[in-house]
Amino acid sequence: MNQLTKLSLSAVFLSTSALAQQPTLNVYTYSSFASEYGPAKQLEANFEKTCQCDLRFLPFDDGITMFNRVRLEGKKTKADVVLGIDSFLKDEAEKAGLFTAHELSLDSIAIPTENWKSEVFYPFDYGEYAFIYNKEKLKNPPTSMKALIERDDLRVIYQDPRTSTVGRGLLMWVNALYGEQGEQAVAERWAALSKHTVTVGKGWSETYGAYLKGEADLALSYTTSPLYHQWYENDDKNVAAIFDDGHLVQVEYGAIMQSSKQKALAQKFLQFLTTPESQKIIAKANIMHPVIAEEVDPLLSAQPKTKTLTNFAMPSSEQVRQWLNIWQKAITQ
């Protein structure tokens with residue numbers, strides 16, 4: 001064996017040995033975050049430049065599906081971090097006792113709603129729920145949730161609140177607007193909406209894709225969703241219907257598993273998500289608002305201002321189950 005061959009084999013051995021010694025950080029998230037066009041790939045490359053680790057994103061259909069998986073796996077889960085627990089799932093998630101405190105400062109975080117702070121869940125983006133429509137096809141869009149529900153000339157598509165965090169958001173939104181009128185009033189709204197709902201899909205990707213194919217006039221998404229079409233398709237015909245009775249804000253969080261053996265690395269990763277560069281990647285690939293005050297793109301800063309329901313009180317897990325039952329009975333009658 002010549003000297004050059006020996007040196008080459010030594011380099012391969014050393015490289016393989018170094019890789020074997022690197023810690024692995026497993027991150028559970030939802031499918032669109034880890035998709036070809038999502039932010040995961042860029043975040044992975046950037047984080048691995050500094051962490052001397054192997055960062056792995058493991059996707060699930062939606063945030064609720066992801067949470068149900070870690071709840072089922074318990075202490076045996078492979079996850080070190082979960083990304084995609086949202087405002088309306090975090091209380092239930094915290095009560096599951098699976099997550100540990102992030103111990104990170106929230107001083108740089110700026111989110112225009114109340115009750116977002118948590119010692120366990122660390123925010124990485126936020127958005128306002130909205131229904132998206134094609135302004136060239138729909139000339140008279142609804143200007144309120146009331147109009148959306150009552151106008152049976154509109155074909156609507158949204159996500160199942162049992163499996164989708166976006167669908168869960170609509171559950172909260174409708175109850176935020178009509179809950180004080182009583183359960184019967186809420187049930188009547190769901191029943192009215194069901195008469196012109198094309199389908200209730202499992203997740204966001206499925207339903208938004210169906211809308212883009214022309215299967216519905218409006219699809220539940222976010223006020224920021226039209227930016228995808230502007231940034232990547234130079235197309236401004238898909239816009240958000242702005243409701244004068246208010247929009248609900250969803251904050252998305254990351255959390256560290258109590259069972260993780262990589263807690264310090266997980267903490268470093270969560271903090272990395274709120275650096276200016278990471279926030280720009282998340283905002284432009286996940287099509288959501290950044291949680292830091294620094295501007296990441298002029299189009300994002302120029303988004304139309306919406307009335308937000310800032311004082312919405314988070315319901316208990318039992319209340320959510322009750323709202324789900326009301327929804328399910330109303331749409332199946």
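This is a predicted model: local features need pLDDT of at least 70, side-chain atom pairs count only at pLDDT 80 or more; totals for chains, interfaces and linings use all residues.
Q: How do the axes of helix α6 and helix α7 cross, and how close do they come?

A: Helix α6 covers residues 165-178 and helix α7 residues 183-194, and their axes come within 10 Å and cross at roughly 130°. As for handedness, α6 passes α7 in a right-handed crossing.

Q: Which residues make the contact of α6 with α7, and how do they divide by class?

A: On the α6 side the contact is made by Leu 170, Leu 171, Val 174, Asn 175 and Tyr 178, while α7 contributes Val 186, Arg 189 and Trp 190. By class, the residues of this contact of α6 with α7 divide into six nonpolar, one polar and one charged.

Q: At what angle do the axes of helix α2 and helix α10 cross, and which residues meet there?

A: The axes of helix α2, residues 40-51, and helix α10, residues 263-273, come within 11 Å and cross at roughly 130°, and the two helices are therefore oblique to each other. The crossing of α2 and α10 is right-handed. From α2, Leu 43, Asn 46, Phe 47, Thr 50 and Cys 51 meet Leu 265, Lys 268, Phe 269, Phe 272 and Leu 273 of α10, and the residues of this contact divide into seven nonpolar, two polar and one charged.

Q: How does one find where empty space is left, and what volume does the largest pocket have?

A: Rolling a probe the size of a water molecule over the atoms shows where empty space is left. Here the largest pocket has a volume of about 790 Å³. Its lining has 35 residues, of which Ser 32, Trp 204, Ser 205, Ala 285 and Asn 286 are the closest to the centre. Among the elements that give two or more residues to this lining are α6, β8 (218-222) and α11 (276-286), and the largest share, six residues, comes from α8. By class, the lining of the largest pocket divides into 13 nonpolar, 15 polar and seven charged residues.

Q: How many cavities does a search of the whole structure find, and what lines the largest cavity?

A: The search finds two cavities of 30 Å³ or more, and the largest cavity has a volume of about 120 Å³. Of the 15 residues that line the largest cavity, Phe 88, Thr 113, Glu 114, Val 249 and Met 314 are the closest to its centre. Strand β10, residues 249-257, gives the largest share of this lining, three residues, and by class the lining of the largest cavity has nine nonpolar, four polar and two charged residues.

Conventions. Residues are numbered from 1 along each chain as its sequence is written. Side-chain values use heavy atoms; hydrogens and water are left out. Axes are lines fitted to C-alpha atoms, for helices over the stretch in contact, and angles run from 0 to 180 degrees between N-to-C directions. Helices (H or I, at least four residues) and strands (E, at least two) are DSSP runs, numbered from the N terminus. A crossing is left-handed if the near helix is turned anticlockwise from the far one by less than a right angle, and right-handed if clockwise. Contact means heavy atoms within 4.5 Å. Ala, Val, Leu, Ile, Met, Phe, Trp, Tyr, Cys and Pro count as nonpolar, Asp, Glu, Lys and Arg as charged, and the others, Gly among them, as polar. On a 1 Å grid over the protein atoms alone, a cavity is a set of points where a 1.4 Å probe fits but cannot get out, and a pocket is an open set with protein on both sides within 12 Å along at least five of seven lines; lining residues have an atom within 4 Å of a point. Grid points are joined across faces, edges and corners, and a volume is the space filled by probe spheres set on the points. Angles under 35 degrees count as roughly parallel, over 145 as roughly antiparallel, 65 to 115 as roughly perpendicular and the rest as oblique.
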